[in-house]
Amino acid sequence: MKILVLNGSPRLNGNTAALCEAFCEGARQAGHETETLNVGKMKIGACLACEYCHGKGAGKCVQNDDMNKIYEALETADMVVIASAVHYWSFTGQMQSAITRFYAPHKLKQKKYALILSSGSPDVYDAPISQFESIVNYFGGKAEGEFTFNGFDQKNEKNFERLRNFGRSLK
Ligand SMILES: Cc1cc2nc3c(=O)[nH]c(=O)nc-3n(C[C@H](O)[C@H](O)[C@H](O)COP(=O)(O)O)c2cc1C
């Protein structure tokens, strides 16, 4: 299947990026195709609640920005991985903006989802996990896996292997 990884961290060589790459390695070993989009580096405006998308726009957002790259990738993806650094107990602002823009298609059609979170401290995941699970439920999908990592030494083989194994296990 085609797996779309949305990395919300603005740090291209950061923890989330390395964790995502480990997951992708495993998934590719199992024969899956992966595409990672660096949402944290994209220019994506938050939803304006103008309702253009649900009227004249017929599912298209009135804003013309980097979200178009995500909409395009979502057309062919079978699974979506939401990956983010934790910023102030939640997703990064960039990821949150992108999530609000799921409003244009209303519900994503994908049925498989996973979550990867990276933070400085442990026990900071209540808000993003709750949001992730609510979204997946709203879309009628299934959370295939939820992973959290924290601290100064996240780019380690144990973490990478956990995510590679998860990637390899996907059917
Ligand atoms: C603006 C900002 C806010 C942050 N807020 C939190 C937080 O609320 N809780 C926490 O544990 N870590 C927080 N951190 C630390 C990051 O989550 C942590 O360093 C993470 O591993 C960074 O991932 P990255 O290298 O992929 O960007 C914050 C970092 C930044 C830059």
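This is a predicted model: local features need pLDDT of at least 70, side-chain atom pairs count only at pLDDT 80 or more; totals for chains, interfaces and linings use all residues.

User: OK. How many helices and strands are there in the protein?
Analyst: The protein has five helices and five strands. Along the sequence they run as β-α-β-α-β-α-β-α-β-α.

User: What does the radius of gyration say about how compact the protein is?
Analyst: The radius of gyration is 15 Å, close to the 16 Å given by the globule rule for 171 residues, so the protein is as compact as a globular protein of that length. Along the principal axes, its C-alpha atoms fill a box of roughly 50 × 35 × 25 Å.

User: And what share of the residues count as buried?
Analyst: Of the 171 residues, 34% count as buried. As for contacts, among those between residues at least 6 apart in sequence, 79% join residues at least 24 apart.

User: On to the core. How many residues are in the largest nonpolar core, and which have the most contacts inside it?
Analyst: The largest nonpolar core has 38 residues, and Leu6, Phe23, Val81 and Ile116 have the most contacts inside it. Two or more residues each come from β1 (2–7), α1 (15–29), β3 (79–85), α3 (93–100), β4 (112–119) and α4 (126–138).

User: Which element gives the largest share?
Analyst: That is α1, with seven residues of this core.

User: What does Leu6 touch, leaving out residues up to four places away in sequence?
Analyst: With those left out, Leu6 touches Leu37, Val39, Ile70, Val80, Val81, Ile82, Ala83 and Ala98.

User: Switching to the ligand. Which residues come nearest?
Analyst: There are 15 residues around the ligand, and Ser9, Gly14, Thr16, Ala85 and Gly120 come nearest. Both α1 and β4 supply at least two residues of the shell.

User: What's the shell like by class?
Analyst: It has nine polar, five nonpolar and one charged residues.

User: Last one, Ala46. Where is it?
Analyst: Ala46 sits in the loop between β2 (33–38) and α2 (67–76).

User: Why does Ala46 count as partly exposed?
Analyst: Because Ala46 has 15 C-beta neighbours inside 10 Å, while buried would take 20 or more and exposed 12 or fewer.

User: What does Ala46 touch beyond four places away in sequence?
Analyst: Ala46 touches Ser97 and Thr100 there.

How values were computed. Residues are numbered from 1 along each chain as its sequence is written. A nonpolar core is a set of buried Ala, Val, Leu, Ile, Met, Phe, Trp, Tyr and Cys residues joined through C-beta atoms within 7 Å. Helices (H or I, at least four residues) and strands (E, at least two) are DSSP runs, numbered from the N terminus. Two residues are in contact if their C-beta atoms, placed from the backbone, lie within 7 Å. A residue is near a molecule or strand if its C-beta atom, placed from the backbone, lies within 6 Å of it. Ala, Val, Leu, Ile, Met, Phe, Trp, Tyr, Cys and Pro count as nonpolar, Asp, Glu, Lys and Arg as charged, and the others, Gly among them, as polar. The radius of gyration is taken over C-alpha atoms; the globule rule is 2.2 Å times the number of residues to the power 0.38.
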